[in-house]
2 protein chains.
Amino acid sequence: MPKVQNAPVTGDKEARILAAAVRVFAEHGYHGSSMAAVAREAGVATGTTYLYFDRKQDLLVTLFQRHLTEYMARCAPILAAETPGVPRLHRLAEQHLAFFAEDRQLATVFQIHLREPDPLLAEGIRPSVAAYFDLIGDVIQAGVEAGAFAADLDVRLARQVFFGAMDEIVTGWLRAKRPHALMSALDPVATMLAQGFGATLPGDPS
Amino acid sequence: MPKVQNAPVTGDKEARILAAAVRVFAEHGYHGSSMAAVAREAGVATGTTYLYFDRKQDLLVTLFQRHLTEYMARCAPILAAETPGVPRLHRLAEQHLAFFAEDRQLATVFQIHLREPDPLLAEGIRPSVAAYFDLIGDVIQAGVEAGAFAADLDVRLARQVFFGAMDEIVTGWLRAKRPHALMSALDPVATMLAQGFGATLPGDPS
DNA sequence: CAATATTGAATGAACGTTCATTCATATCTG
DNA sequence: CAGATATGAATGAACGTTCATTCAATATTG
């Protein structure tokens, strides 16, 4: 009676469901995606998703936390190895853009849903975002202390300008119908920001 | 093609409904707000909203278009009257911040929903946003042509940096629990951006 | 070793709620 | 009175979530 059947894809289901969620959310948005659609994309029954995630929101929050945590872990050593000031700022911008450039669907989900007003979502997402903001702040602060940026620079504001600029560049890249290379913005934007922060750039006689 | 407006020329009902929508959307978000809730807030029956707006989306789109159009109309002459370069850029930043500072709820709706993935919303909103981006681009371009900004400035990129920075500052202001004065960011951010665009600022010896 | 019992991951139909939209009816207005 | 305007209960579809059931794999027993 028990027939040797091919194992029904043993790979861990949780990862499959999360990956499916990225694809479905990216295409239809969070509110436009049903749990049934995510399950179907993952090749899993609707109810199975609830064995791994208690609520729909957990899908999005977990997704977000996993990827951002991994990104931050990857960033930290790279940044620390770089000279404070312009080089380190440039590296940070590079990491930011590269992260989104390497997965367009994930980028869509991040850009679309960072601002969801749902309190449960915001609650799960805020700490991760705050950690990234701290990282940015540290990079700028180090530049100030090294004398590479203006001594009276408002680090809080500079941090917002940095993130806002990068964020808008990524959003513009996603919006564009004729997709250009995201990384091509790196050098000009890093220069522009560094200059805005009061860096004296090479080739600037003084 | 989305039909966006539907207006029996009548008393102030339409305006009341739109104003109510701002309040309700600001508090619960677009998806978290029911038509019944908007109607109740407006002191109107559910069905009445459908005499003025064919779809729920039209509420958000109309809202957005009305306010942005009025904002742009207010901006244009003010900017034209200002010297190209740093002063005009400063004025633009001032207008941007002031617009949001004067209506926190409207700001919330704008910040939350600019990125809605819903195609019908995006379609209604995009042209207005594009017009504003053009305005920003014009201001920067004028600065370049007047020799106030770097001659080789990438105007497209500068535009994104400008908008992204302003946008993030407004978002941060909304996120903050201890609400500070939004306008206090004006001078430092305008200076920072102008410097980033290659402006030679007064007090800069060379 | 075979027969039987147990397990729990997986399933997907069903449930209950929410909500945009409609429409039959009522009220106003000129 | 007639046409326009307003009403809010009714409708029906969509969707998150639940749960009784299945069944392959594993453990137990004789």
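The buried residues of helix H6 in chain B are covered by elements that include helix H1 (13-28), H4, helix H5 (86-101) and helix H8 (155-175) of chain B. Helix H6 (residues 104-113) of chain B has as its buried residues B:Ala107, B:Thr108, B:Val109, B:Phe110, B:Gln111 and B:His113. The model is predicted.

**Helices H4 and H7 of chain B**

- Helix H4 (residues 56-80) and helix H7 (residues 119-145) of chain B have axes that come within 9 Å and cross at roughly 10°.
- Because angles under 35 degrees count as roughly parallel, H4(B) is described as roughly parallel to H7(B).
- On the H4(B) side, the contact is made by B:Gln57, B:Leu60, B:Val61, B:Phe64, B:Gln65, B:Leu68, B:Thr69, B:Met72, B:Cys75 and B:Leu79.
- H7(B) contributes B:Leu120, B:Leu121, B:Gly124, B:Ile125, B:Ser128, B:Ala131, B:Tyr132, B:Leu135 and B:Val139 to this contact.
- By class, the residues of the contact of H4(B) with H7(B) comprise 14 nonpolar, five polar and no charged.

**Contact between chains A and B**

- Chain A supplies 28 residues to the contact, and chain B likewise supplies 28 residues.
- On the side of chain A that touches chain B, the elements giving two or more residues are helix H6 (104-113), helix H8 (155-175) and helix H9 (186-196) of chain A.
- H8(A) gives the most to this side, with 11 residues.
- The side of chain A that touches chain B has 13 nonpolar, 10 polar and five charged residues.

**Relation of the two copies**

- Chain A is superposed on chain B by a rotation of 180° with 0.0 Å of shift along its axis, at an RMSD of 0.1 Å.
- The two copies are therefore related as by a two-fold rotation axis.
- The same surface serves both copies, as 100% of the contact residues of chain A recur in chain B.

**Surface near DNA strand C**

- There are 15 residues around DNA strand C, of which A:Ala45, A:Gly47, A:Thr48, B:Ser34 and B:Gly47 come nearest.
- The elements that give two or more residues to this surface are helix H3 (46-52) of chain A, together with helix H2 (35-42) and helix H3 (46-52) of chain B.
- H3(A) provides the largest share of the surface near DNA strand C, namely four residues.
- By class, the surface near DNA strand C has six nonpolar, six polar and three charged residues.

Technical notes:
Residues numbered from 1 in each chain as written. Chains lettered and ligands numbered in written order. Predicted model: local features only at pLDDT ≥ 70, side-chain atom pairs only at ≥ 80, totals over all residues. Axes fitted to C-alpha atoms, helices over the stretch in contact; angles between N-to-C directions. Parallel < 35°, antiparallel > 145°, perpendicular 65-115°, else oblique. Contact = placed C-beta atoms within 7 Å. Nonpolar A, V, L, I, M, F, W, Y, C, P; charged D, E, K, R; others polar. Near = placed C-beta within 6 Å. Least-squares fit on C-alpha atoms with pLDDT ≥ 70 in both. Buried ≥ 20, exposed ≤ 12 C-beta atoms within 10 Å, placed from the backbone.
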